[in-house]
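Q: I have a structure open and would like to go through it with you. Can we take it piece by piece?

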Amino acid sequence: MSEHQPDIYDLRQGLDEVDSGIVRLIARRRDLITAIAKVKEQGTSAIQDADRERGVLDGVMAVASDLGVSASLVRTIFRELISDSVAQQARRLGGDSGGRARVAFQGAEHAYSHAAAQKYLAGRELDGDLTGHRTFRDAADAVLAGDADLAVLPIENTTAGSINEVYALLRERQLFIVGEETWKVDHCLAAAQDVPLSSLSRILSHPQGLEQCAQFLQSLPNAVPTTYFDTAGAMQAVAAAGDPTVAAIASPEAAAGYGLVVLRHGIADTEDNYTRFVVLSASPAAVDRRIPCKTSLILATGHEEGDLLRCLEVLSGSGHSMTKLESRPRPGRPWEYMFFVDFEGNTADPRTAAALDELRAAALFVKILGSYPAKALRAPVRHGGLPGQPPAGQAVPPAGSPAQDPADMLEAVAAAPRPAAARSRQYRLVDRAARQADTVIRVGDVLVGGGGFVVMAGPCSVESADQITSCARFVREHGAHVLRGGVFKPRTSPYAFQGLGWQGLDLLVAAGREAGLPVITEVMAVDQVLRIAKAADILQVGTRNMQNFDLLRELGKVDRPVLLKRGLSSTIEEWLAAAEYVVAQGNQQVILCERGIRTFESATRNTLDLSAVAVVRERSHLPVIVDPSHGTGQRRYVAPMAWAARAAGAHGLLIEVHPDPDQALSDADQSLSFDQFAALMARLAAVPGSVPASGPG
Ligand code: PEP
Ligand code: MN
């Protein structure tokens, strides 16, 4: 070894120091949380503050991007830290002071339930004696028999859905929900030896494990999926049998715990695969009202039409937001149902107690399962905005203030009565008449449409991992909300670069994930729809496919936002009728995109029809964004047209950016360099807000 090269021992020692430094910083963070909790103890305000949490996340993500650290890594770590600090404050308010609990779970050691139970106990600073049981029923009965204080049972999985047996237990047994916990499921395939996948004859796992990896299992030619009572138990059995042709699906921790070799990591059908667990006790919990809380109940409604609706209206009318509604058969009563309802609320709150009284009067049967600190809540969403600008809604000056900018003038025009036009017969559902309020579409944690302004940016084509990763980082750092990248390219010449196809899609998704951005990509054919819909957050229909009616119909059948570009020689009416094809099939999540049309003008690649934005916003409730890159075809015109699009009332932009635009494999002339994109975003933020959230009328 050369003298100048540090040896691995020194490097590891350096790493150990960094790691213990991280833990010391976490301890310091917790001391500060304790001080904050003391201050909050005096007040009556809730301990969870969504705006403050978002501020914390935005702050650390900005530092991460300065330092070139993966945004998704930092987000994952800080979500855990924030959830720990909420739990820490909740513990103080709840007067928890440690102790021991006997906890029953289903399965063997290292089962997901085992891990979730440990996480729950750690969050409450409790020591635990954990006992695995063969079935959910056995674990629940251990609590009723007094052999355990708590049972931690899985109730739903984000991929496979509800666990019916546990719902049945909640209905039958006198048990109360006193807590919930979530666990990110990370399935792997493991065997006694490192063998090729083709040599496997059987794969053991809990039915849920098999179901969550159904696609992967289909790809194994010779292996028969075999149900086992538990994921970790399946690993244990594989280890005991030592047969190299048998493998099991469970967590990597279970594989390590039973000394197996992991053959393949991350085999679940969806990467974001979570299981929610309920914590059951023989008596209900009382939860401090400042702790974010959920209440669960079972409901059976009367036999009149609209009975269920009336019950749910009691909750919504009293300001309780429902987080889950599950219907299960009513035993012994064919075609009748019971409903399991979770909502945000606490029986200790008089408002909630009153709503429950009203609910009892409206329903045939109500069983309150308990109020408990909430862990599983949907990620908060926000309207898109530009760096340094006030959040959506506040950018619009109050009515009556002097008109100072083009947007104000547009408002004045929009406020003028619209001439009574003959109603078009080509579309109905996308017509503004069908829905007065703007349609708002969720993409990742950002809302498109209504207020706010969303920027989708990235290269015309995904060309390499480096190219798309650097684009993703850069555009995110400068305020973009969505990463674009074509992988199936509609090129005029068959000899031009056609895109990287499926491999490009993987690169795009990985880059988006790393930067913490949702992704948009073009879908060209009917048989690509399902597979792209699984991976991408928005499916783009290119200008050349605007009237590919089979493709539009197919897109209407998936639950994914669709960005529909205007056909290069289509009228606005034809464009809206094309959107109707998608919406008529059931998918209402259509974003329109003006990208320029063919005219006699040849100075620009296309003629960007910005008046289409004003017309579309009047005729339809769908969001409309503008693509000034294809609209002009030349990079020097992109920024001014982006500026104009915002002033005209567009809900956002689609912009092509490339690390080395002149070398781009497609649309080089119109792609912005990083510097140009940064300048554009800075200037855009200076354009005053555009038209208000709702349409005319
Ligand atoms: C694109 O966005 O790269 C694209 C091909 O756009 P259009 O369909 O508008 O030409
Ligand atoms: Mn392009």
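Q: Which backbone oxygen lies 3.1 Å from a polar atom of the side chain of Arg484?
A: The backbone oxygen of Pro459 does. This is a predicted model, where local features need pLDDT of at least 70, side-chain atom pairs count only at pLDDT 80 or more, and totals for chains, interfaces and linings use all residues. Residues are numbered from 1 along each chain as its sequence is written, chains are lettered from A and ligands numbered from 1 in the order in which they are written, and side-chain values use heavy atoms, with hydrogens and water left out.

Q: What joins the side chains of Arg484 and Glu656?
A: A polar contact of 3.4 Å. The term means a pair of N or O atoms within 3.5 Å; within protein, one must be able to donate a hydrogen and the other to accept it, and residues adjacent in sequence count only if both atoms are side-chain atoms.

Q: Is Arg484 buried or exposed?
A: Arg484 is buried, because its relative accessible area is 3%. Buried means under 20% relative accessible area, exposed over 50%, and partly exposed in between (1.4 Å probe, protein chains only).

Q: OK, ligand 1. Which residues come nearest?
A: Of the 13 residues around ligand 1, those are Arg484, Gln540, Thr543, Lys565 and Arg595. A residue is near if one of its heavy atoms lies within 4 Å of the molecule.

Q: Which polar side-chain atoms lie 2.9 Å and 3.0 Å from an oxygen atom of ligand 1?
A: At 2.9 Å there is one from Gln540, and at 3.0 Å one from Arg544. Glu656 has a polar side-chain atom 3.3 Å from an oxygen atom of ligand 1. The protein buries 97% of the 290 Å² that ligand 1 exposes when taken alone (Shrake-Rupley method, 1.4 Å probe).

Q: And the metal: what coordinates the manganese ion?
A: Ligand 2, the manganese ion, is coordinated by Cys460 (SG), His630 (NE2), Glu656 (OE) and Asp667 (OD), at 2.1 to 2.4 Å. Donors are N, O and S atoms within 2.8 Å of the metal (3.2 Å for Na, K and Ca); water is not among the atoms, so sites may look incomplete.

Q: How many residues apart are Cys460 and Asp667?
A: They are 207 residues apart, and the pair links distant parts of the chain. Both Cys460 and Asp667 are buried.

Q: How many disulfides?
A: The count is 0, a disulfide being a pair of cysteine sulfur atoms within 2.5 Å.

Notes
Helices (H or I, at least four residues) and strands (E, at least two) are DSSP runs, numbered from the N terminus.
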